[in-house]
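Me: Could you take a close look at one part of this predicted model with me? I'd like a connected walk through it.

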Amino acid sequence: MVVIMKPGTPQEEINRLTVQLEDLGLTVSPTNGVGCTILGLVGDTTSVDMGKITLNENVDRVVRIQEPFKKANRKFHPQDSVILAGGVPFGEGTFTVIAGPCSVESKEQIIEVAQDVKDCGAAMLRGGAFKPRSSPYSFQGMGLDGLKLLEEAREATGLPIVTEIMSPKYCDIFEEKVDLIQIGARNMQNFDLLKEVGKMSKPVLLKRGLSSSYEEWMLSAEYIMSEGNENVILCERGIRTFETETRNTMDVSAIPCVKRMSHLPIIADPSHSGGYYWLVEPLALAAAAAGADGLIVEVHNDPANAKCDGQQSLTPENFRALMEKLRPLVEMMGKTLVQAVV
Ligand code: PEP
Ligand code: MN
């Protein structure tokens, strides 16, 4: 439910009504728009007497929201959210590129790739330390040793780091060490993990599940946000379809559709979407043209010998070429390409 206040309502009146609503057991999230305030109500609003609230002379309208997600909903929060991760902005007028290998493999590898992607214009470094692999016999990632190497790469380049969390048991260590916590597609509906990450203060990159609807995805964001962590960035990473030529199918529509539904920033992962290095550039450009707020791209210094996802990894040269094509497109979309902080 949202309560739209009349333009120019004094703050004391808004505070008075907020207390009244909180006394009914509701959580009130105010949004201050141009000249008018909207109070978003979360909780059991079914028992709230809308008529009584409308009687308040400062209330313009009370609207029941049918959508099951509230905190992620644009109706509650009309302006785009800007989320900061390690000082790097996502959303509203910015275009932010995260790049790096699928997995951290060695100190030399991660530092070399970090330096290369930074030189090409990436603002953050990605690299998996804990890898969700379809087969238990595949490389599972370097674990905590990989996390240490990511920290060393951050130290060497100044690039903030993005890496995937797979278990709530690592929340404390991720809280301390990681700048942006990735929830992978396979864990999008791991509700216990979402709830624990929702208690953290670090921003979260929430990838879309392999076959999740927009609403299911928004509800997963809601799990995180309802625990208190409202810093969620969404990521379209391709969905399962009947097509077998590509690894997944990038759902370009997700970008404008989700932007209508939610105020959260949304980026795209053209690497997992297509599954082949030659598909990364066209998919990345399509996502930027559809209004994405950034990209997460797999880049490897030796794709042929990568321990994971080499076939979809760009070489640093190909990544440079992609960045050159992106620059004018990002500008045409009225956005600024975010530079590395240092
Ligand atoms: C990844 O980013 O390496 C990854 C495993 O992504 P996803 O969860 O989208 O498959
Ligand atoms: Mn990967």
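Which residues does Glu236 touch, not counting residues up to four places away in sequence?

Reply: Happy to, and please keep in mind that the model is predicted. Let's start with your glutamate. Glu236 is found in strand β12, which covers residues 232-236. Leaving aside residues up to four places away in sequence, Glu236 touches Arg208, Trp217, Thr249, Met250, Asp251, Ala254, Ile266, Ile267, Ala268, Asp269 and Ser273. Its relative accessible area is 0%, so Glu236 counts as buried, the cut-off being under 20%. The side chain of Glu236 also has a polar atom 2.8 Å from the backbone nitrogen of Gly238.

Now to strand β10, residues 180-183. Leu180 and Gln182 sit on one side of β10, Ile181 and Ile183 on the other, and all four are buried, so that both faces are covered. As background, side chains in a regular strand alternate between the two faces of the sheet.

Strand β9 (residues 161-164) runs parallel to β10, and three bridges join them; here Thr163 has Ile181 as its bridge partner. To get from β9 to β10, the chain passes through helix α5 (residues 171-177), making a right-handed β-α-β crossover.

Strand β11 (residues 204-207) also pairs with β10 in the parallel sense, over three bridges.

Definitions and conventions. Residues numbered from 1 in each chain as written. Chains lettered and ligands numbered in written order. Predicted model: local features only at pLDDT ≥ 70, side-chain atom pairs only at ≥ 80, totals over all residues. Heavy atoms only, no water. Buried < 20%, exposed > 50% of the residue type's maximum accessible area, 1.4 Å probe, protein only. Helix = DSSP H or I, 4+ residues; strand = E, 2+ residues; numbered from the N terminus. Pairing = 2+ DSSP bridges. Right-handed = clockwise from strand over helix to strand, strands pointing away. Polar contact = N/O pair within 3.5 Å; in protein donor to acceptor, adjacent residues only side chain to side chain. Contact = heavy atoms within 4.5 Å.
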